[in-house]
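Reader: Several labels in this description need checking against their cut-offs. Could you take them one at a time?

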Amino acid sequence: MRTLIIMFYLCLRLTTMTELGFGAYATHPGDVIKDEIESRGITQRMLAERTGIGFTVINEILNGKRPLTERSALLIGAALDIDSEPLLRLQYKYNMQTLMKDQSFLKRLKSIKGFAASVTL
């Protein structure tokens with residue numbers, strides 16, 4: 001039942017973020033996974049051992065210091081019996097929101113917009 005609630009939350013959160021552009025804040029999928037394992041009484045070490053992912057890597061994902069990769073999403077999803085796709089979409093949204101707050105990247109992006117239109121043959 002808890003898994004269904006989490007998946008509903010993820011779908012609702014992703015829909016809301018889509019409707020509102022990027023939303024008010026970025027949510028790292030590690031936050032959602034961390035809540036899920038804590039509610040089930042699973043420790044980070046237990047999750048690391050079950051998935052074969054190093055404890056440090058699990059800890060960094062759950063604390064938003066490392067991105068959730070496709071491989072880690074599938075392994076964690078299998079261990080927790082949850083769909084990994086919404087977690088990966090959440091990671092994508094997090095990446096986009098983080099980039100759109102990076103002023104040096106935005107400056108670079110602005111400098112290359114319109115490049116194709118300015119090229120003459």
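**Labels and cut-offs**

Reader: What makes helix H7 (residues 103–112) count as hardly covered?

Author: The count of buried residues among the 10 residues of H7 is zero. Buried means under 20% relative accessible area, exposed means over 50%, and partly exposed is in between, with a 1.4 Å probe and protein chains only. After H7 comes glycine 114, with a positive phi near 85 degrees.

Reader: What kind of model do these values come from, and how are residues numbered?

Author: This is a predicted model, in which local features need pLDDT of at least 70 and side-chain atom pairs count only at pLDDT 80 or more, while totals for chains, interfaces and linings use all residues. Residues are numbered from 1 along each chain as its sequence is written, and side-chain values use heavy atoms, with hydrogens and water left out.

Reader: Which secondary structure does the protein have?

Author: Eight helices and zero strands; helices (H or I, at least four residues) and strands (E, at least two) are DSSP runs, numbered from the N terminus. Of the 121 residues in the protein, 31% are buried. The accessible surface of the protein is about 8000 Å², 59% of it from carbon and sulfur atoms, with areas from the Shrake-Rupley method, a 1.4 Å probe, and for residues only the protein chains shown as cover.

Reader: How do you know on which side of H5 the buried residues lie?

Author: The buried residues of helix H5 (residues 70–80) are Ser72, Ala73, Ile76, Gly77 and Leu80. They cover an arc of only 130 degrees around the axis, so they are on the same side of H5; the arc is that of the directions from the helix axis to the C-beta atoms. The face turned away from that buried side carries the exposed residues Glu70, Arg71, Leu74 and Ala78.

Reader: And what about the buried residues of H4?

Author: They are Ile58, Ile61 and Leu62. Their arc around the axis is only 95 degrees, which puts them on the same side of H4. Their cover includes H2, H3 and H5, where contact means heavy atoms within 4.5 Å. Just after H4, glycine 64 takes a positive phi of about 70 degrees.

Reader: Which residues touch the most other members of the largest nonpolar core?

Author: Ile33, Leu47, Ile58, Leu68, Ile76 and Leu80, out of 16 residues. H2, helix H3 (44–51), helix H4 (55–62), H5 and helix H6 (85–100) each give two or more residues to this core. The term nonpolar core stands for a set of buried Ala, Val, Leu, Ile, Met, Phe, Trp, Tyr and Cys residues joined through side-chain atoms within 4.5 Å. Leucine 68 touches Pro29, Ile33, Ile61, Ala73, Ile76, Leu87, Leu88 and Gln91, leaving out residues up to four places away in sequence.

Reader: Why is the pair arginine 40 and glutamate 36 called a salt bridge?

Author: The term requires a side-chain nitrogen of Lys or Arg within 4 Å of a carboxyl oxygen of Asp or Glu. The closest N and O atoms of arginine 40 and glutamate 36 are 2.5 Å apart, so the pair meets the rule. Both residues lie in helix H2, four residues apart, about one turn of the helix. Arginine 40, at 33% relative accessibility, is partly exposed, whereas glutamate 36, at 1%, is buried.

Reader: How many salt bridges does this rule give?

Author: Two. One is between arginine 66 and glutamate 60, whose closest N and O atoms are 2.8 Å apart. Here arginine 66 is partly exposed at 33%, and glutamate 60 is partly exposed at 24%.

Reader: Is threonine 27 buried or exposed?

Author: Its relative accessible area is 6%, under the limit for buried, so threonine 27 counts as buried. Threonine 27 lies in the loop between helix H1 (2–19) and helix H2 (29–40). Its C-alpha atom is 9.6 Å from that of asparagine 95, 68 residues apart along the chain.

Reader: Which residues make the nonpolar surface patch of about 430 Å²?

Author: Phe115, Val119 and Leu121. Patches are made of residues with over 30% relative accessible area and no salt bridge, like charges being joined within 9 Å and nonpolar side chains (Val, Leu, Ile, Met, Phe, Trp, Tyr) within 5 Å. Valine 119 has 43%, so it passes that limit and is partly exposed. Valine 119 sits in the segment after helix H8 (115–118).
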